[in-house]
Amino acid sequence: MKRYLITALCLIACSALSESRIYELWEAEPAPVGPVETEPRKNGTFPYDQAWEHWSYPIGNGYMGANVFGYTDVERVQLTEKTLFNSGLYGLGGLTSFAEIKLRFGHDAVTNYRRSLNLNEGIATVQYEVDGVTYKREYFISYPDEVMVVRLSADKPASVSFTLAPEIPYLKSLREQDKRTGRVVAKGNRIILSGSLPNENNNYEAQFRVLNEGGQLKAGADSITVSKADSATVVMAAGTNYELSSDVFLLPPHEKLDPKAFPHERLNTILDAAVAKGADALRQRHIGDHGGLFGRAHLQISPKKSLLPTHQLLDEYKNGEKDAYLEELMFHYGRYLLIASSRENTLPAGLQGAWSSYEITPWTGGYWHNVNVQMNYWGACAVNLAETFEAYINYFKAYHPEAQKKAGEFLKEHHPDRVSEEPGGNGWTIGTGATPYKINKPGGHSGPGTGGFTTKLLMDYYDYTLDREYLEEVAYPALLGMSRLFSKTLIEQGDYLLVEPSASPENPVTPEQIEGFPGRLDGKGKHWITVGTTFDQGFVWENHTDVLKVAQTLGEEDPYLVQVRAELPRLDPIIIGDSGQIKEWRQETVYGSIGQDKHRHISHLCPLYPGTLINSSNPQWMGAASKTLDLRGDLTTGWAMAHRMNCRARLKEGDKAHQVYSLFIAEKTVPNLWTLHPPFQIDGNFGVMAGVSEMLLQSHEGAIELLPALPVVWSEGAFDGLVARGNFVVSAQWSDSMLTGAEVIARIGGLCRLKFPSAKNARVLDGTGEPVKTRVVSDDVLEFQMDVGQQVAIQIGKQNEK
């Protein structure tokens with residue numbers, strides 16, 4: 001797959017930014033200890049660890065994640081590896097904690113304590129003084145070298161002493177089917193932690209190497225003690241016998257993985273290579289990799305960096321002292337978490353990213369396709385991290401053959417007369433729940449629009465990168481297959497074609513609300529299975545529209561596309577109700593006549609965001625969408641507030657988008673800046689990251705719109721390195737809420753169309769300061785051609801100045 005990485009030709013100068021900021025989370029105390037719940041919650045998850053969720057610092061490389069607590073007596077580093085699954089929940093299995101790594105120091109009375117997480121470098125640090133010695137620990141997980149590194153040092157020689165003692169969690173499982181085996185063995189400077197989990201024939205292993213500089217090293221039965229060293233480094237690699245492939249999804253549970261396969265040799269090779277490089281080279285390679293991605297985009301909306309510890313900054317924000325630096329920091333933290341949890345050759349970021357301290361992770365820790373996994377990647381391309389989405393592309397390729405089988409099963413159940421025996425003739429589908437091992441077909445509380453929700457991600461990746469090879473090999477076949485499935489679900493109802501069965505995700509109804517209407521309640525008696533919900537109709541429209549666009553780009557003319565063109569005008573996807581709202585169900589009258597009026601999901605607004613059906617060309621629909629958000633309310637679960645924020649941005653309602661963002665930070669954010677459903681779900685962090693980007697730059701309406709939803713409180717600021725569709729890298733500066741300058745770099749080249757107030761008066765200058773030929777499309781829109789790698793500056797006319 002081609003990658004359009006930023007090069008020297010397309011680096012945007014940061015001169016408009018007042019300073020180059022180092023973003024970090026930091027505290028002057030270790031993480032608190034506990035509380036830990038000892039009984040399973042109603043949803044089956046166990047155990048809940050508040051110190052882990054609220055206070056630990058996450059590091060990761062996409063393959064695995066770790067949480068650092070910063071203790072000085074016995075340090076705790078909790079390890080997660082994405083492929084270690086137990087029986088979990090809902091018949092899907094579930095992510096489970098991999099290991100608990102203990103570092104025993106015996107340091108009690110410490111002074112000048114500080115722990116931090118440097119977002120620019122991806123390094124967690126703990127530093128303090130004991131008896132006149134300053135001790136420092138650095139933690140990072142390297143993507144290029146696939147190892148976790150802990151570097152221990154002191155400012156006086158022969159002062160580093162500790163015991164490394166990794167442990168296997170949950171050996172005494174609450175459930176018989178999850179009783180894992182395992183042992184920890186130390187020999188020389190090596191520790192091997194290994195075992196098996198029966199549910200998926202998971203064989204797991206972590207290998208540790210301890211490298212001391214000076215002093216003594218002694219291995220016990222299951223630990224290593226270093227005494228009086230000048231410094232030391234712990235290097236760790238972890239993995240299982242999982243391999244991403246179509247077979248993992250197609251084969252029955254006990255055949256998915258080879259029980260005779262072990263990761264030992266692979267991990268040994270990884271560690272040998274890492275140790276040979278040395279600690280300094282590992283650190284430099286990690287910073288070069290992580291920092292190269294993190295440094296692509298910049299944003300400043302606050303006049304200065306806060307000097308407060310993170311929890312105090314958050315507490316003051318919750319109490320009304322709303323420092324814009326925290327809003328800025330949250331945006332950058334979302335980018336950090338995306339880099340740490342999703343990389344090109346890893347599995348995608350799950351519901352908890354790459355982190356779980358649980359035995360039974362909430363909602364499996366998997367990939368939920370009725371909004372959550374999509375939200376994880378809504379902002380990936382826009383914040384200049386398109387590579388992170390390649391994890392999902394590879395995951396899609398692996399599960400696609402099983403998704404084709406699921407399409408046949410789905411149609412056989414609901415439209416048996418429409419089942420095709422031709423390979424690929426039924427298209428493909430995916431339901432809500434999915435993991436690295438299994439996917440579902442649609443059913444229950446969510447309609448088949450979950451598939452269109454997914455293809456919208458695949459289409460967006462192309463629109464941002466213009467990767468034609470990807471378009472031919474992945475996006476077009478995916479879109480075409482999804483349209484085939486959708487066409488087979490459409491039934492005639494008067495002049496319209498409506499999806500059957502159809503359901504609006506997770507919004508429960510009462511029998512009284514749907515009395516006399518067609519359809520039925522699901523097996524739980526809560527969710528209405530009917531026809532033609534806005535969620536499903538909207539995603540049929542989005543997918544049909546996108547597949548026709550792509551076919552035209554590629555010069556394809558599949559005979560089936562004639563049917564797609566005929567179906568589009570008969571979908572009737574958007575209906576305005578008696579309260580002026582976008583209807584969620586066709587039978588709805590006034591707002592709230594069906595379903596919960598304050599429900600977390602706003603699935604009927606997916607045609608606004610992430611879809612494009614509701615846009616500025618139809619002010620009536622835009623107004624109805626705004627009315628719907630007013631009626632739904634802002635305060636709900638974390639990720640659902642992030643969706644509302646993005647919808648407000650799409651509506652160009654900057655102050656209302658900021659209002660949701662501010663409420664989200666105040667109500668759903670904890671001291672380590674993770675955000676809660678509750679419990680912790682990473683989609684909220686990623687969703688508001690996307691929301692900030694959407695407030696500052698939009699490109700879904702045929703032009704690159706600068707500052708489309710700028711709130712009054714962000715009256716001064718600048719950004720660079722954000723990306724618009726067409727693979728244009730954009731920067732902008734503003735003062736007194738007015739655009740004062742902008743730059744654009746064309747990675748691919750082509751027609752660049754910009755939208756901002758009084759654009760007709762602006763001048764476009766090339767890299768030598770010479771004017772670029774432009775065409776004024778309207779008062780607020782101008783366009784010009786750009787070559788590959790060309791950079792232009794936008795000189796704002798006087799009419800834009802106060």
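Start with α9, which gives the most residues, five, to the lining of the second largest pocket. The model is predicted, with local features needing pLDDT of at least 70 and side-chain atom pairs pLDDT 80 or more, while totals for chains, interfaces and linings use all residues. Numbering runs from 1 along each chain as its sequence is written, and side-chain values use heavy atoms, without hydrogens and water.

A pocket is an open set of points on a 1 Å grid over the protein atoms alone, with protein on both sides within 12 Å along at least five of seven lines; lining residues have an atom within 4 Å of a point. Volume is the space filled by probe spheres set on the points, which are joined across faces, edges and corners.

Select Asp463, Lys549, Ser699, Gly702 and Arg725: of the 22 lining residues, these lie nearest the centre of the second largest pocket. Two or more lining residues come from each of α9, α11 (534-554) and β29 (750-755). The volume is about 520 Å³.

Next, show Trp363, Trp368, His445, Glu506 and Lys524, the closest to the centre of the largest pocket among its 30 lining residues. That pocket holds about 860 Å³.

Then turn to the cavities, where a 1.4 Å probe fits but cannot get out. There are eleven of 30 Å³ or more.

Technical notes:
Helices (H or I, at least four residues) and strands (E, at least two) are DSSP runs, numbered from the N terminus.
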